[in-house]
Amino acid sequence: MNRPFMQIAQTVVAVGSVLVAMIAVWYAVVVMFDLPKILLPTPVDVVQAGWEERDAILRGMWVTGLTAVVGLFTAFLVGGGLSVLFSQSALLRRALFPYVVFLQTVPIVAIAPLLVIWSGYTFRSAVIATVIICLFPIVNNCTTGLLAVRTDHDELFSLYGAGRLRRMLRLQIPGAVPQIILGLRISSGLAVIGAIIAEFFVSNGSVYEGLGALMTGWQGRSRTDALIAALFASALLGLVLFGAVQLLAATVLRRWAYTGIYKSS
């Protein structure tokens with residue numbers, strides 16, 4: 001049995017063991033304290049509720065997933081563009097970076113109502129909220145990566161008279177790939193959170209089918225079992241997005257390592 005397969009098997013067994021232990025503790029707490037279903041249902045109740053509401057949950061995962069993907073991709077385009085500007089001008093970086101930090105420090109629950117007022121109870125409002133929550137990790141990590149150029153590489157490009165565009169395309173961006181991937185990993189989880197929080201507000205004034213809207217509706221009807229099932233669905237969605245970024249990372253990193261730039265740095 002080869003080593004990668006063994007590592008994967010060990011990881012699966014370890015994660016599965018922790019999951020089984022957590023479910024056992026959950027079930028024991030409900031039975032031991034005789035908790036009512038509306039307060040904390042058993043794992044079996046949650047599975048049954050998830051199966052009964054499977055169509056709504058699957059539609060919710062699709063809507064929330066689409067919001068998260070569109071928001072993450074838009075944040076990557078906007079954040080990547082800002083990072084390129086920041087790497088080319090220290091003045092721009094000093095002038096604009098505090099505003100990017102400002103977006104990170106303001107709670108998204110405070111921004112979401114404003115977005116609804118300005119953009120309506122729409123898919124667009126949810127996407128904008130997702131972009132805002134995803135933007136800072138991407139800008140911060142991309143800018144760090146673009147500025148972290150090795151001195152000897154920089155001097156070599158200067159020696160051959162490389163311009164800004166060539167230096168950016170052949171030196172800075174390839175060297176920044178690990179940092180870019182790191183920013184995307186962080187933002188992939190935040191994207192689902194941003195989408196769900198935005199859906200809490202968007203669903204107040206329109207018929208919306210995202211997981212956040214489902215959670216709001218089931219909370220109002222005291223459907224704790226279905227609410228927890230939707231919670232697990234959102235976690236699964238986050239894991240899928242994170243896995244997609246990991247897959248992209250393996251592909252991109254291997255490609256840049258093959259050119260020798262990333263490997264040497």
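**Close-up views of a predicted model**

**View 1. Leu85 is in helix 3 and belongs to a nonpolar surface patch.** Helices are DSSP runs of H or I with at least four residues, just as strands are runs of E with at least two, and both are numbered from the N terminus. This is a predicted model, in which local features need pLDDT of at least 70 and side-chain atom pairs count only at pLDDT 80 or more, while totals for chains, interfaces and linings use all residues. Residues are numbered from 1 along each chain as its sequence is written, and side-chain values use heavy atoms, with hydrogens and water left out. The patch consists of Leu85, Leu92, Leu96 and Tyr99, which together have about 370 Å² of accessible area. Areas come from the Shrake-Rupley method with a 1.4 Å probe, and for residues only the protein chains shown count as cover. Patches take residues with over 30% relative accessible area and no salt bridge, joining like charges within 9 Å and nonpolar side chains (Val, Leu, Ile, Met, Phe, Trp, Tyr) within 5 Å. Helix 4 supplies the largest share of the nonpolar patch, three residues. Leu85 has a relative accessible area of 43% and is therefore partly exposed; buried means under 20%, exposed over 50%, and partly exposed in between (1.4 Å probe, protein chains only).

**View 2. Phe86, Phe97 and Phe136 are linked into a cluster by ring pairs.** The structure holds three aromatic pairs. The ring centres of Phe86 and Phe97 are 6.0 Å apart and the planes are at 70°, so this pair is edge-to-face. Because Phe86 lies in helix 3 (residues 54-88) and Phe97 in helix 4 (residues 90-105), the pair ties together parts 11 residues apart in sequence. Rings of Phe, Tyr and Trp (its six-membered ring) pair if their centres lie within 6.5 Å; planes under 30 degrees apart count as stacked, over 60 as edge-to-face and the rest as tilted. Phe86 has 0% relative accessibility, so this residue counts as buried.

**View 3. Lys37, Glu53, Arg223 and Asp225 are linked in a network of salt bridges.** A salt bridge is a side-chain nitrogen of Lys or Arg within 4 Å of a carboxyl oxygen of Asp or Glu; five are counted by this rule. Asp225 and Lys37 meet through their side chains at 3.6 Å, N to O. This pair links distant parts of the chain, 188 residues apart, with Asp225 in helix 10 (residues 224-259) and Lys37 in the loop between helix 1 (3-32) and helix 2. Lys37 is partly exposed at 46% relative accessibility. The side chains of Arg223 and Glu53 form a salt bridge at 3.2 Å, N to O. Here too distant parts are linked, 170 residues apart: Arg223 is in the loop between helix 9 (211-220) and helix 10, and Glu53 in the loop between helix 2 and helix 3. Asp225 and Arg223 also meet in a salt bridge, at 3.5 Å, N to O. Asp225 is buried at 8% relative accessible area, and Arg223 is buried at 18%.

**View 4. Arg54 lies over the face of Trp51.** The distance from the ring centre is 4.0 Å. A charge sits over a ring if NZ of Lys or CZ of Arg is within 6 Å of the ring centre and within 35 degrees of the ring normal.

**View 5. Val47 lies in helix 2 (residues 43-52).** With 59% relative accessibility, Val47 counts as exposed. Val47 and Asn141 are 94 residues apart in sequence and 39 Å apart in space, C-alpha to C-alpha.
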